[in-house]
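Let's take a friendly walk through a protein model together. Have the sequence and the 3D view ready, and turn the view as you read.

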Amino acid sequence: MRGRVILLGFVAAAAVLGYLIWGAPILAVRPARASTEGGDVKAGRELYVRYCATCHGESGRGDGASAASFASKPADLTDGHLMNALPNEFLHNIIMHGGPAEGLSPGMPPMSAYLGADQVRQVIAYVRSTAAPPFRPEMAKPLVSYPRAPRQPILFNHVIHAGSFQIPCQYCHADARRSEYAGLPSVERCLGCHKIIGAQDNPEIAKIHEHAKRGQAIPWVRIYKLPEFTYFSHKPHVRIGLECQTCHGPIERMRVVGADTGPKLSDDLIRLLGFRPSPRPLSMGWCIECHREQNATRGSKAPLECVTCHH
Ligand code: HEC
Ligand code: HEC
Ligand code: HEC
Ligand code: HEC
Ligand code: HEC
Ligand code: HEC
């Protein structure tokens, strides 16, 4: 099943690329030297017409001549609602290394054999210039990554789900407001959308269907974890209005969720020398510091007694 799915995507992409490289009239593309933004957009437009328009369309709306042959349709690159939040490096990675580099379908081919880094920058500048609503640089903050982030069984991307499509965190982590745990979405919840989206030509999404067929949960690797002897509950924290990002960081900008948490020996040593490093997430100092601050500033009754967190 997966083999066939990958093949389908590649065949479609290869056919179009073949046409592009050998069949299309070669436009005069001057070496890209323009340093002004206007120059980038102009050079980017030429590259776009040559390398992207057959699939993404002359206008960028995903309606190119060969768009119909793809199950996952070429993206509408002018849709600012979806595109504006995507960081430059994220777009760069997709354009250079193809859709699968970010978990998307192989219908989006890698362009690194045809475009250099400067040219990709120009294509991005051009695509940004076509966005409606218009793009402003502060909309696409840089990606956040952790070197020790685990490898997950499926390349599930928060940048796409929570960043681009803005699916609310609690749509997937639905237990956060009513229980101790935030919870992870079930396979059925994924399928609510992916019975159709990406089902025919995206190998990462084929994995969801395989788990469903076998009746297995997806074995996600856990990231945030307190030691057994502590008690934490999401409910009071979410109910009082703390944003998920206060504790978990900008998840919508993580291609792979990671964290740098827990107490650290070097911090303890620095403390012995009389300095006060800010406490690391999920360390006891982090809980206590926020509880003190919240109690002082908003009159909450966050506990400071040992037994509340250590039963
Ligand atoms: C062979 C056809 C083809 C060509 C050529 C092509 N694309 Fe794509 N592109 C696709 C398809 C199909 C998708 C959708 C993948 C998916 O949704 O899984 C896509 C998706 C994308 C995305 C992801 C958008 C998002 O919402 O995350 C970007 C960015 C992109 N293409 C840019 C480009 C650029 C820039 C070029 C030219 C340098 C280009 N593509 C050339 C087929 C193509
Ligand atoms: C509310 C709808 C919705 C739900 C629920 C949902 N997705 Fe998606 N997913 C999308 C959309 C929209 C895309 C973008 C498709 C595209 O551009 O081709 C996407 C893309 C993907 C992709 C390809 C890009 C990436 O993120 O790597 C994967 C893999 C994926 N989803 C996995 C999952 C998994 C696993 C679940 C359940 C934990 C899930 N999705 C739940 C809507 C959803
Ligand atoms: C479409 C469903 C979906 C949406 C929307 C979503 N998540 Fe997730 N989230 C997942 C899945 C699946 C995982 C497990 C795989 C992973 O770690 O990437 C996960 C993992 C996490 C983790 C790590 C859990 C652990 O193991 O410790 C955190 C924290 C998290 N999400 C927070 C958020 C926040 C904050 C938002 C909103 C900005 C959000 N998520 C939006 C599906 C989703
Ligand atoms: C006050 C800090 C705080 C806030 C706010 C917070 N979390 Fe957490 N989150 C944690 C801690 C601490 C853990 C580890 C809990 C444990 O190991 O028992 C965790 C664990 C998780 C996990 C993995 C295990 C699970 O199911 O609980 C997910 C997913 C998650 N959080 C998502 C979210 C989402 C989504 C929100 C917003 C709706 C959110 N968190 C708000 C601190 C927080
Ligand atoms: C960003 C600030 C913040 C962080 C970080 C934080 N808390 Fe809290 N916590 C609060 C606030 C505010 C309340 C009070 C909620 C209320 O009054 O309803 C609270 C309440 C609690 C409660 C009482 C729950 C109840 O049922 O009354 C416990 C237990 C708790 N926190 C444990 C923890 C632990 C353990 C950690 C660290 C892993 C932690 N908190 C980190 C802000 C925080
Ligand atoms: C707001 C919640 C909270 C309160 C209140 C709290 N703790 Fe903790 N404590 C934690 C968390 C979370 C950890 C685990 C992370 C760590 O080791 O820093 C922890 C860890 C510890 C550890 C193990 C430290 C280590 O290095 O392994 C001890 C001992 C401890 N707490 C004692 C206490 C005592 C004694 C009190 C009362 C004076 C107290 N705690 C109050 C949350 C709390």
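## Where helix 2 meets helix 6

Helix 2 (residues 37-51) and helix 6 have axes that come within 7 Å and cross at roughly 95°. That angle makes helix 2 roughly perpendicular to helix 6. On the helix 2 side, the contact is made by Glu-37, Asp-40, Val-41, Ala-43, Gly-44, Arg-45, Leu-47 and Tyr-48. Helix 6 contributes Gln-119, Arg-121, Gln-122, Val-123, Ala-125, Tyr-126 and Ser-129. Sorted by class, this contact has 7 nonpolar, 4 polar and 4 charged residues.

Please keep in mind that this is a predicted model.

## The chain as a whole

The chain has 311 residues, and 25% of them count as buried.

Contacts can also be sorted by how far apart the partners sit in the sequence. Among contacts in the chain with a separation of 6 or more, 62% are between residues 24 or more positions apart.

Helix 9 (residues 187-194) and helix 10 (residues 203-214) have axes that come within 10 Å and cross at roughly 130°. This makes helix 9 oblique to helix 10. The crossing of helix 9 past helix 10 is left-handed.

Which residues make the contact? From helix 9 they are Val-187, Cys-190, Leu-191 and His-194, and from helix 10 they are Ile-205, Ile-208, His-211 and Ala-212. The contact of helix 9 with helix 10 has 6 nonpolar residues, 2 polar ones and no charged ones.

## Around ligand 1

Next, turn to the ligands. Around ligand 1 there are 29 residues, and those that come nearest are Cys-52, Cys-55, Ser-105, Gly-107 and Met-108. Helix 1 (2-23), helix 3 (53-56), helix 5 (88-97) and helix 6 (117-129) each give two or more residues to this shell.

What classes of residue make up the shell around ligand 1? It divides into 20 nonpolar, 9 polar and no charged residues.

Ligand 4 has 21 residues around it, with His-173, Tyr-181, Ala-182, Cys-244 and Cys-247 coming nearest. The elements giving two or more residues to the shell are helix 8 (169-172), helix 11 and helix 12. Helix 12 gives the most to the shell around ligand 4, with 4 residues. By class, the shell around ligand 4 has 13 nonpolar, 7 polar and 1 charged residues.

For ligand 5, there are 23 residues around it, and Cys-287, Cys-290, Gln-294, Ser-300 and Ala-302 come nearest. Two or more residues come from each of helix 11 (234-239), helix 12 (244-248), helix 14 (284-298) and helix 15 (306-309). Which helix gives the most to the shell around ligand 5? Helix 14 does, with 5 residues. The shell around ligand 5 has 14 nonpolar, 8 polar and 1 charged residues.

## Details in the loops

Finally, zoom in on some loops. In the loop between helix 6 and helix 7 (158-164) you will find Pro-133. A cis peptide bond joins Ala-132 to Pro-133, with omega at about -5°.

Gln-166 lies in the loop between helix 7 and helix 8. Gln-166 is not a glycine, although its phi is positive, about 50°.

One more stop is Ser-186, in the loop between helix 8 and helix 9. Ser-186 counts as partly exposed, with 14 C-beta neighbours inside 10 Å. The C-alpha atoms of Ser-186 and Cys-172 are separated by 8.5 Å, and the two residues are 14 residues apart along the chain.

Notes:
Residues numbered from 1 in each chain as written. Chains lettered and ligands numbered in written order. Predicted model: local features only at pLDDT ≥ 70, side-chain atom pairs only at ≥ 80, totals over all residues. Axes fitted to C-alpha atoms, helices over the stretch in contact; angles between N-to-C directions. Parallel < 35°, antiparallel > 145°, perpendicular 65-115°, else oblique. Left-handed = near helix turned anticlockwise from the far one by under 90°. Contact = placed C-beta atoms within 7 Å. Nonpolar A, V, L, I, M, F, W, Y, C, P; charged D, E, K, R; others polar. Near = placed C-beta within 6 Å. Buried ≥ 20, exposed ≤ 12 C-beta atoms within 10 Å, placed from the backbone.
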